[in-house]
Amino acid sequence: MTTMATIEEVETCHDPIDRLRATMCATRVSFEWFGTRKSLTRDQKAQAAESFGAEGAFLSAGKKLLDTGHPRFRAVSAVRNQVRKYWTSVSLPFPEPGIRLLRQDALNAFQEQMRRFTEELAEAVAELDEQYLSLKSAARERLGSLFNDDDYPASLVGLFEVTWEFPSIEPPNYLRQLNPELYEQECQRVQSRFEEAVRLAEDAFLDELSKLVSHLTDRLSGQADGRPKVFRDSAIGNLHEFFERFRSLNVRSNEQLDALVSQCQNIVEGIQPQELRKRDALRQQVASDLSGVQAALDGLLVDRPRRQIMRTPK
């Protein structure tokens, strides 16, 4: 694995594609989740179709086994949502389904956080399992003749899991000896995927910043019933979170985007949401400055298909 010192050296010396390839590792997060919906049997579909005067073969129908709106079930689902949000926040997209790129120097922190999530999930599932019999009883009443005890396991423990791994996305070394031509093809394929990963990262940052700036600008400059629009503290907080994530994950592939992020950060630096609510002049100034950033971002969005990755000559 690349060492910390090597990572810093690569970040300052190599172009964006090589920098991404040298400092990142692939991650895959998977979920095993108890399915709460089940298709009706042929006889059940025929019975349901009959009530509508339809043919069973032309009817698609299913039943909900448990009430997923129950607080205990929602708590389990919340952990899954937290895992997805966290994984997305600390990684970059990669043009291969189910894979994202994580900084190698963040791997230990990622491992620790994922372990905490597994503990939270196990606790939430255990609490859900305490209510399982009552949830099953409620389903029996709601489903009526569609209820089938065979659809339900004895316990929900062990049926909700999150796992993660670090798959290799580099060409296997054994190909170098076995088939040099195939090995070279694989090298080119991986290189093209990392080129696309740089574009995906740049586009993701561009889209997110544009949405955040547009939202805050609208809140600050717009009016509702003749009064300034209301905005939440998160409109500022989300920008600061973006700046931190951009600082950590940016591969410096687009100088214009880098400059706009710095410009936007300078505009809102040190400004508290309450100040914007109390000081109209400050509110108008920030809105005006952000409008300039938004105009430049719009230009980048329009030019996106024509942009080239900024590469450092070797």
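## Pocket, cavities and sheet of a predicted model

By class, eight nonpolar, four polar and five charged residues form the lining of the largest pocket; Ala, Val, Leu, Ile, Met, Phe, Trp, Tyr, Cys and Pro count as nonpolar, Asp, Glu, Lys and Arg as charged, and the others, Gly among them, as polar. The model is predicted: local features need pLDDT of at least 70 and side-chain atom pairs count only at pLDDT 80 or more, while totals for chains, interfaces and linings use all residues. Residues are numbered from 1 along each chain as its sequence is written, and side-chain values use heavy atoms, with hydrogens and water left out.

**Pocket and cavities**

The search uses a 1 Å grid over the protein atoms alone: a cavity is a set of points where a 1.4 Å probe fits but cannot get out, a pocket is an open set with protein on both sides within 12 Å along at least five of seven lines, and lining residues have an atom within 4 Å of a point. Grid points are joined across faces, edges and corners, and a volume is the space filled by probe spheres set on the points.

Of the 17 residues that line the largest pocket, Thr88, Ser89, Glu208, Phe242 and Arg245 lie nearest its centre. Two or more lining residues come from each of α4, β4, α8 (180-221) and α9 (234-249). Domain 1 (19-41 + 59-165) and domain 2 (197-303) each supply at least three residues to this lining; the domain bounds come from an automatic or database domain assignment.

There are two cavities of 30 Å³ or more. The lining of the second largest cavity consists of Leu92, Ala201, Glu202, Phe205, Leu249, Asn250, Val251, Ser253 and Leu257, and α8 gives the most to it, with three residues.

Helices (H or I, at least four residues) and strands (E, at least two) are DSSP runs, numbered from the N terminus. Two strands pair if DSSP finds at least two bridges between them.

Four strands form an open sheet in the order β4-β5-β1-β6, with antiparallel pairing. β4 (91-93) and β6 (161-165) stand at the edges with a single partner strand each, so one side of each lacks a neighbour in the sheet. From one strand to the next, the twist averages 35°.

Strand β1 (residues 24-32) is joined to β5 (residues 100-103) by four bridges. Cys25 stands opposite Leu102 in β5, and Thr27 has Arg100 as its bridge partner there. Five bridges join β1 to β6, where Glu32 is partnered by Glu161.

Axes are lines fitted to C-alpha atoms, for helices over the stretch in contact (heavy atoms within 4.5 Å); angles run from 0 to 180 degrees between N-to-C directions. Helix α4 (residues 71-89) touches β1, β4, β5 and β6, and its direction makes about 170° with that of β1. Helix α5 (residues 107-130) lies across β1, β5 and β6, at about 165° to β6.
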